[in-house]
Amino acid sequence: MSTTARNPLDEAELLYKKRKWAELIGLLEPLSSMYRDNVRYSVLLGSAYLYKEDLGGAYSCFRRAQNADFRDAPAAYGLAAVYIRRGETDKAVQLYVDVLERHPKDRKAKRGLDYLRTESAHG
């Protein structure tokens, strides 16, 4: 028996850092009713789904995170990644622009827009 009770989200963060997507999904999926409106939970689970190429699961998680807090940048990045993989780049651009309106120096949003500009120039 463990001497320290671990918060499942802290444990999920460790699994995320180790890129153990299947374990992260296995840990978090059964807790959906408890963490349904928790942005951190939804972003972690959505990220794991995204890395496992489950775009439907990722989309659901990132949308739930955005509904809970539309200002959450990691939720916007995740949702933008789903849109890019679906070929809906206009929606991804809008998410990055929204983040930059709130945080003009956000590097991830700038990189995302630069990526989309470069891809559209080559595509």
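Contact here means heavy atoms within 4.5 Å. On that count, residues 24 or more positions apart make up 39% of the protein's contacts with a separation of 6 or more. The model is a predicted one, so to speak of local features takes a pLDDT of at least 70 and side-chain atom pairs count only at pLDDT 80 or more, while totals for chains, interfaces and linings use all residues. Residues are numbered from 1 along each chain as its sequence is written, and side-chain values use heavy atoms, with hydrogens and water left out.

As for the overall picture, the protein has 8 helices and 0 strands, where helices (H or I, at least four residues) and strands (E, at least two) are DSSP runs numbered from the N terminus. Along the sequence this reads α-α-α-α-α-α-α-α. Of the 123 residues, 39% count as buried, with buried meaning under 20% relative accessible area, exposed over 50% and partly exposed in between (1.4 Å probe, protein chains only).

Helix 1 (residues 8–17) and helix 2 (residues 21–28) pack at about 165°, their axes 9 Å apart; axes are lines fitted to C-alpha atoms, for helices over the stretch in contact, and angles run from 0 to 180 degrees between N-to-C directions. That makes helix 1 roughly antiparallel to helix 2 (angles over 145 degrees count as roughly antiparallel, under 35 as roughly parallel, 65 to 115 as roughly perpendicular and the rest as oblique). The crossing of helix 1 past helix 2 is left-handed, a label used if the near helix is turned anticlockwise from the far one by less than a right angle. On the helix 1 side, Pro8, Leu9, Glu11, Ala12, Leu15 and Tyr16 take part, and they meet Trp21, Glu23, Leu24, Leu27 and Leu28 of helix 2. Sorted by type, the residues of this contact come out as 9 nonpolar, no polar and 2 charged (Ala, Val, Leu, Ile, Met, Phe, Trp, Tyr, Cys and Pro are nonpolar, Asp, Glu, Lys and Arg charged, and the others, Gly among them, polar).

On to the charged pairs. Side chains of opposite charge can pair when their charged atoms come close. The structure holds 7 salt bridges, each being a side-chain nitrogen of Lys or Arg within 4 Å of a carboxyl oxygen of Asp or Glu. One of them joins Glu53 to Arg85, with the closest N and O atoms 3.9 Å apart. This pair links distant parts of the chain, 32 residues apart: Glu53 sits in the loop between helix 4 (39–51) and helix 5 (55–68), and Arg85 in helix 6 (residues 73–86). Arg85 is partly exposed at 44% relative accessible area. Asp114 and Arg117 pair at 2.8 Å, N to O; they are 3 residues apart in helix 8 (residues 107–122), about one helical turn, and Asp114 is partly exposed at 41%. Glu88 and Lys91 also pair, at 2.8 Å between the closest N and O atoms, and Lys91 is partly exposed at 38%. Asp10, Glu13 and Arg40, meanwhile, are linked in a network of salt bridges.

Two further residues differ in their surroundings. Ser42, in helix 4, is buried at 0% relative accessibility and touches Arg36, Cys61, Arg64 and Ala65, leaving aside residues up to four places away in sequence. Lys105, in the loop between helix 7 (89–102) and helix 8, is exposed at 72%.
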